[in-house]
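Please read them with the structure open beside the text.

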Amino acid sequence: MQIRILGSGAGGGFPQWNCNCANCRAVREGAPGFLPRTQSSLAASANGRDWVLLNASPDLRQQLAMNPVLAPSAEDGLRASPIKAVVITNGDVDHVTGLLTLREAQPFTVYGAGRVLQVLAANRIFNVLAPSCVAREELPLGAPTELKGAGVDLGLSVEAFPVAGKIALWLEDALAANYGGAEGDTLGLKITETASGKSFFYIPGCAGVDPALAERLRGAALVFFDGTLWHENEMIDQGLLGKTGTRMGHINMSGPDGSIAAFAPLNVARKIYVHINNSNPVLNAFSKERAEAKFAGWEIGEDGMEALL
Ligand code: MLT
Ligand code: MN
Ligand code: ZN
């Protein structure tokens, strides 16, 4: 199974269009140790020909240009795409708006939790993916689903499971409990190659590693995990936004309540941070925070990074 990071940045990407923080300035200036990052998405394939996208970011068009394996090949017909399915983990702008790039009457299947599919159905602009052409399949939680699209069996299954998180920012209801969120608004995914049984986890948004999630991940071969923030208060401390990580639905990397500590006893063979926010000091390859994450066995995801299982 081949897995490719299409976008390793969080919402807004790196640099973010309107951000003048030290990181965004450095990457804009081409400073050593800083790489630009597009917004949050992965692609996976069992046969190297047919691919599933895990989230569809607003930068999808650029990501397709950077990853020619996702372009139609010469043997294909006039209209074709290796992208046979898209699995959505939540309703975030950075995870759903790339669907609009996939218009043009190309058949594939969109998989998501029932509540996310309701959001797509309620926003008529997503009808550019004509229901007669693009299938929408609700993912059951806690049970595997064989991925199929455009008449092709991808040879992969997905098991979606709820993780601690938050309803998408643009869907928040300030007056409702939990901002109107409910179970299934934030999914983790386990993708398994049917033929080999090999699997990896993709959890780009997660507010905390509870015991159930820890047990699920224990001994995993490969986990892509929420790397939004280094510190719970970094957005506030940098004067960027008056919100903590907890309020945004993202666990921090550092500290006793962070993901580095939570993963330390889990014996995960390869762990890669994705969905990295532009405020995160690990984006600087020469920072002490990057060294600390690496020392704890973490890789910092980069656009175009590939993993084989
Ligand atoms: C998030 O991950 O918290 C969202 O992508 C934030 C946003 O919508 O900008
Ligand atoms: Mn996001
Ligand atoms: Zn910034």
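Where does K166 lie?

1. On conventions. This is a predicted model, in which local features need pLDDT of at least 70 and side-chain atom pairs count only at pLDDT 80 or more, while totals for chains, interfaces and linings use all residues. Residues are numbered from 1 along each chain as its sequence is written, chains are lettered from A and ligands numbered from 1 in the order in which they are written, and side-chain values use heavy atoms, with hydrogens and water left out.

2. On K166. This lysine lies in the loop between β8 (152-162) and β9 (187-193), where helices (H or I, at least four residues) and strands (E, at least two) are DSSP runs numbered from the N terminus. K166 has a relative accessible area of 15% and is therefore buried, a word that stands for under 20% relative accessible area, with exposed meaning over 50% and partly exposed in between (1.4 Å probe, protein chains only). Residues up to four places away in sequence aside, K166 touches E172, T186, R247, M248 and G249, contact being heavy atoms within 4.5 Å. The side chains of K166 and E172 are joined by a polar contact of 2.7 Å; such a contact is a pair of N or O atoms within 3.5 Å, and within protein one must be able to donate a hydrogen and the other to accept it, while residues adjacent in sequence count only if both atoms are side-chain atoms.

3. Donors are N, O and S atoms within 2.8 Å of the metal (3.2 Å for Na, K and Ca), and water is not among the atoms, so sites may look incomplete. Distant parts of the chain are linked here, with C19 in the loop between β1 (2-7) and α1 (22-28) and N278 in the loop between β12 (271-274) and α9 (288-295), 259 residues apart. C19 is buried at a relative accessible area of 9%, and N278 is buried at 3%.

4. On the manganese ion (ligand 2). Here D92 (OD), D94 (OD), D94 (OD) and H275 (NE2) coordinate the metal at 2.2 to 2.8 Å. Why is the arrangement of the 6 donor atoms called irregular? The angles that they subtend run from 50 to 156°, which makes it so; six donors would count as octahedral if opposite donors were over 155 degrees apart and all others between 65 and 115. Because D94 lies in helix α3 (residues 93-96) and H275 in the loop between β12 and α9, the pair ties together parts that are 181 residues apart in sequence. Both count as buried, D94 at 5% relative accessibility and H275 at 3%.

5. On ligand 1. The residues around this ligand are D92, D94, L169, M248, H250 and H275, each having a heavy atom within 4 Å of it. Oxygen atoms of ligand 1 come to 3.0 Å from an N or O atom in the side chain of D94, to 2.8 Å from one in the side chain of H250 and to 3.1 Å from one in the side chain of H275.

6. On α9. Which residues of this helix are buried, and which are exposed? E289, R290 and A293 are buried, and these fall within an arc of 100° seen down the helix axis, so they line one face of the helix; the arc is that of the directions from the helix axis to the C-beta atoms. K288, K294 and F295, on the other side, are exposed. The buried residues pack against α8 (259-263) and β13 (298-300), and just after the helix G297 takes a positive phi of about 90°.

Methods. Four donors count as tetrahedral if all angles lie between 85 and 135 degrees; four count as square planar and six as octahedral if opposite donors are over 155 degrees apart and all others between 65 and 115; anything else is irregular.
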